[in-house]
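I opened my notebook to record a few look-ups in this structure. The entries follow in the order I made them.

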Amino acid sequence: PPLQLAILLGSDSQAHYDAAPASSKKAANDLDNAVRKFRMAAYLWQAFTGEQMYRHNFGRRCFHFEEEWQTGSLSGRDPENSIMRSEAKVHIIRCDHTVQQLRALSNNNNNSGTASTSTDLFRVAMDAVRKYFDLRPGEQRYVSALLLDTHWDSNTQSLTGHAALGSSQSADLKLALFGSHGLHSYPACLQDIVPCFSDCARTDTAYVANHNNECGSNWETASSSLGRHLHEVGHLFGCTDSDSGIMGSDYLHFNRTFMTWEPYSTRTKEQGARLLLQPDECRWNRLDVLRFRFHPCFKMPSDPSCPSSDIIQLWSVDGEKMLATSSAGIAFIEIFTSAQTDVPAAFIEYVDSSAGNSGIPKEASFTEAEIRAQLPDGARKSKLVRLRIYSGCLSVLTVSDLSALTASKAKDWCVKIPTVTGSEQANYLPYQPADSLQGSLEKQDVFFETNKPVTTIRVYSAEKPGSDPEGSPRTTIAGIEFRYEDSSSQLFGSRGQAMIDDEYTIGTSFSTSLDSLSLIYI
């Protein structure tokens with residue numbers, strides 16, 4: 001799917017963006033120029049991201065845009081020469097709200113007018129985009145939107161009609177939203193890039209200003225605004241905030257990828273004309289590009305398609321060892337040391353960049369000690385360690401407490417079924433939480449086939465009478481079916497009313513005659 005571009009307007013908007021008189025004399029601050037500048041911004045994001053993917057050994061894999069055949073704007077010579085090109089389409093969307101209402105919404109969440117969040121305004125933008133594209137059930141869109149009616153109020157020294165937000169949480173619409181307060185400083189074509197990132201003209205705060213008024217010149221405004229909007233696009237693709245890189249505060253240096261030198265900075269008071277090298281640039285962090293590598297918007301025609309079921313299973317094996325398996329492969333694991341933060345303290349990747357599409361394993365094993373060894377020295381003895389395990393199709397399995405997961409510490413919720421031979425048999429009690437035990441439980445005799453590798457397991461559920469405190473039907477495990485390599489199977493219990501998820505494929509670590517199996521309930 002493409003990353004689609006949209007400009008949002010109030011229902012009564014005059015379709016002009018804020019610009020100082022000096023800027024509007026050079027180029028009109030109208031909708032046509034807004035489209036050209038926003039399109040050029042998107043191509044800068046694309047060029048930057050493609051280069052970053054290349055530096056991380058993933059080729060120049062990148063997102064693409066929805067395009068249309070039109071009079072070109074990427075070159076400043078295209079309009080005057082009537083050159084037609086296939087370029088990124090920018091959708092123009094009018095909201096049901098007026099300009100005044102949109103600007104008032106941003107102040108509802110922000111008394112100072114300088115903060116970069118406005119959830120009310122974001123919801124209005126989501127509704128307008130969803131209505132415009134007429135999203136149907138099961139459809140999914142990725143949209144980066146620009147609010148054209150963002151306004152700097154010099155009387156109150158605040159930005160109105162601005163929201164810097166990005167979200168990948170909605171099932172049908174992934175949206176990145178940003179204001180137009182820096183649009184006056186953007187390049188409109190390729191020939192404008194160097195002049196715009198070299199423009200030291202001071203910001204005229206009687207007419208324009210950026211978020212927190214942190215940039216005192218045009219080139220700083222362009223770099224900050226372009227980088228911050230890309231930061232929100234990162235959220236659209238599922239990235240989380242970080243302490244560095246584009247998802248941190250390094251987006252302020254977005255200009256450095258496109259320049260060999262940097263002018264004087266009013267923000268840092270650093271003298272200009274110094275040479276810019278790769279370490280000086282901002283970047284996508286490794287964890288960001290790992291996410292991009294497997295994201296649908298970055299998919300290549302040669303990439304394998306996702307299996308029908310890409311769920312992740314987690315198994316307890318060999319005492320302290322855990323095994324994560326998925327038919328889509330295990331891509332990476334995020335490690336957290338707090339229940340509150342969404343910023344991982346460390347991560348483990350299982351990607352072999354040199355192996356092409358087969359560069360991730362179907363299963364990955366680890367112990368708690370190995371996980372803690374990845375953490376910074378001061379965090380290795382953290383009481384709480386939680387995980388997010390990602391498959392090659394970016395499905396996620398969350399482990400809320402790693403220390404409670406190992407079999408040696410989980411006797412209350414881990415049931416071990418040994419293999420028996422001949423006429424011997426083993427009895428076991430199916431696991432149920434202590435607070436759900438009612439009456440007596442009947443034991444069931446379990447016999448295992450010998451010398452047959454187990455290939456898949458199916459778990460069946462059945463509804464119990466009554467409902468839980470939230471009114472949802474109560475369910476229980478009705479039976480477990482073990483399927484062998486020769487297509488025979490054994491069913492313990494019954495098939496109940498439905499199969500839970502899909503059948504669990506056993507990894508190669510289990511492709512021997514079954515010695516023992518631990519069923520883990522998370």
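Predicted model: local features only at pLDDT ≥ 70, side-chain atom pairs only at ≥ 80, totals over all residues.

**Entry 1: helix 2**

I checked the length of helix 2, residues 31-55: its 25 residues should span 36 Å at 1.5 Å a residue, and its end C-alpha atoms are 36 Å apart, which agrees. The expected span is 1.5 Å times one less than the number of residues. Helices (H or I, at least four residues) and strands (E, at least two) are DSSP runs, numbered from the N terminus. After helix 2 comes N57, with a positive phi near 65 degrees.

Residues are numbered from 1 along each chain as its sequence is written, and side-chain values use heavy atoms, with hydrogens and water left out.

**Entry 2: strand 5**

Which strands pair with strand 5? Pairing takes at least two DSSP bridges between two strands. Strand 1 (residues 3-9) runs parallel to strand 5, joined by six bridges. There, L8 has L147 as its bridge partner. Strand 9 (residues 173-179) is also parallel to strand 5, with seven bridges. Y142 stands opposite K174 of strand 9.

I then looked at cover. Six of the seven residues of strand 5 (141-147) are buried, meaning under 20% relative accessible area with a 1.4 Å probe, protein chains only.

**Entry 3: A209**

I found A209 in the loop between helix 6 (193-196) and helix 7 (218-236). Is A209 buried or exposed? A209 is buried, at 3% relative accessible area. Leaving aside neighbours within four places in sequence, A209 contacts W152, L159, H181 and T203; contact means heavy atoms within 4.5 Å. W152 is 57 residues from A209 along the chain, yet their C-alpha atoms are separated by 6.2 Å.

Technical notes. Buried < 20%, exposed > 50% of the residue type's maximum accessible area, 1.4 Å probe, protein only.
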